[in-house]
Amino acid sequence: MNTELLKVDPNAPDPAIVARAAGRVRAGGLVAFPTETVYGLGANALDPAAVRRIFAAKGRPSSNPVIVHVADPAQIGNVAADWPATAARLAGRFWPGPLTLVVARQPDVPDEVTAGGPTVAVRCPDHPVAQALLRAAGVPVAAPSANRSTELSPTRAEHVMKGLGGRIDLILDGGPCRGGIESTVVDVTGPVARLLRPGLITVPMLEEVVGKVEASRERQRPEEVARSPGQMAKHYSPRTKLRLVDGRDIVDDLLEASAGGFKAGLLPLHGANAMPGDPVAYAAELYHRLHELDEAGLDLILVEQPPDTPEWAAVLDRLARAAATA
Ligand code: TXA
Ligand code: MG
């Protein structure tokens, strides 16, 4: 399949190009598009064959449900069977934006989207290109991150082309994504909101709106994995082996690696080529830097461990997964 790559102005996408992409979505095709978090791989969420194509292109296990994107919170009725007060409050505060809410599904939502489960994850993105595409398509759009399963998420159109070129119909190139890591996922089906995936909307920000949020930091409890397979330990990984190291040891570790004949690359927080010291700016650059290091023919990527504080939770989560070997 020839993958068409069309550039758009991220703030004012050309309506003719958006219409072309939306036509592909309505016809059952696969279209990658920028959001404020990462690039998504979109298909008509109400077309089971189109959604199956997403899984085939990504090599994603059918047991991992996908997020449904809507242009407007008013469209939620087509997807969700129930809209609890917690959902309404969180959506009221953070939509459009990088927050995904897990709610009871409408029967019309295909099993392919929900992995056969009783819930559906929904998100209203605020990127102008995502908004324009969703409005022009006129259907809810199922969209996981536009990468091969378990690999690094894409924050630029080049990353999408590298991973999925030849496997999808079209890529809308709206430049780099602002946020840089995937949305916060919150299950609001129970009496207390429950964090399934940390993101740039932090637990303290959620708690300001709905009170206590359950945010167990334990990973890989079997029932959690079944609920949200994106919590599988190995996910969002470069191909190159990655190790998290203490800043004080990073030079020693680098010397040791080179002495052992290994080519190592660094993602430091200090000195030359340092990553930003602020978690939001760090997140915006993280995947791009990892994609670059992953292409550099290295044996090992050494990442300086950021501080273990709540603002860094989402970054620490992605780094831990990138470092996981299974
Ligand atoms: O920022 C994002 O969320 C990006 C952009 C494209 O919107 N999308 C994204 O999708 O990261 P994906 O498929 O890579 O991650 C979706 C996460 C996975 O961890 C999945 O298991 C979880 O959401 N999820 C989806 N539906 C769910 C459901 N019904 N219940 C629990 N978790 C669900
Ligand atoms: Mg993903």
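Is E214 buried, exposed or partly exposed? At 37% relative accessibility, E214 counts as partly exposed, where buried means under 20% relative accessible area, exposed over 50%, and partly exposed in between, with a 1.4 Å probe and protein chains only.

Before I continue, a word on conventions. This is a predicted model, in which local features need pLDDT of at least 70 and side-chain atom pairs count only at pLDDT 80 or more, while totals for chains, interfaces and linings use all residues. Residues are numbered from 1 along each chain as its sequence is written, chains are lettered from A and ligands numbered from 1 in the order in which they are written, and side-chain values use heavy atoms, with hydrogens and water left out.

Let me stay with E214. Its salt-bridge partner is R194, and the closest N and O atoms are 2.5 Å apart; a salt bridge here is a side-chain nitrogen of Lys or Arg within 4 Å of a carboxyl oxygen of Asp or Glu. This pair links distant parts of the chain, 20 residues apart: R194 belongs to strand β10 (residues 194-197), and E214 to the loop between α7 (203-210) and α8 (222-227). Helices (H or I, at least four residues) and strands (E, at least two) are DSSP runs, numbered from the N terminus. R194, at 11% relative accessibility, counts as buried, whereas E214 is partly exposed.

How many salt bridges does a search of the whole structure find? The search finds 18. I shall discuss two more of them.

The side chains of E36 and R123 meet in a salt bridge at 2.8 Å, N to O. Here too the pair links distant parts of the chain, 87 residues apart, with E36 in the loop between β2 (31-34) and β3 (39-44) and R123 in strand β6 (residues 119-123). E36 is buried, with a relative accessible area of 4%, and R123 is buried at 2%.

E4 forms a salt bridge with R20, their closest N and O atoms being 2.9 Å apart. E4 lies in strand β1 (residues 4-7) and R20 in helix α1 (residues 15-26), so the pair ties together parts that are 16 residues apart in sequence. R20 is partly exposed, with a relative accessible area of 44%. Both residues also belong to a network of salt bridges that links E4, R20, R24 and D169.

The D187 side chain makes a polar contact with the side chain of T189 at 2.6 Å. A polar contact is a pair of N or O atoms within 3.5 Å; within protein, one must be able to donate a hydrogen and the other to accept it, and residues adjacent in sequence count only if both atoms are side-chain atoms. D187 is buried, with a relative accessible area of 4%.

Finally, the backbone. Most residues other than glycine have a negative phi, and most peptide bonds are trans. Which residues are joined by a cis peptide bond? They are W95 and P96, with omega about -10°, and P96 is placed in the loop between α3 (85-94) and β5 (99-104).

T150, although not a glycine, has a positive phi of about 70°. T150 sits in the loop between β7 (141-142) and α6 (157-164) and is partly exposed at 32% relative accessibility. N273, also not a glycine, has a positive phi of about 55°. N273 is found in the loop between β12 (264-267) and α10 (279-294) and counts as exposed at 61% relative accessibility.
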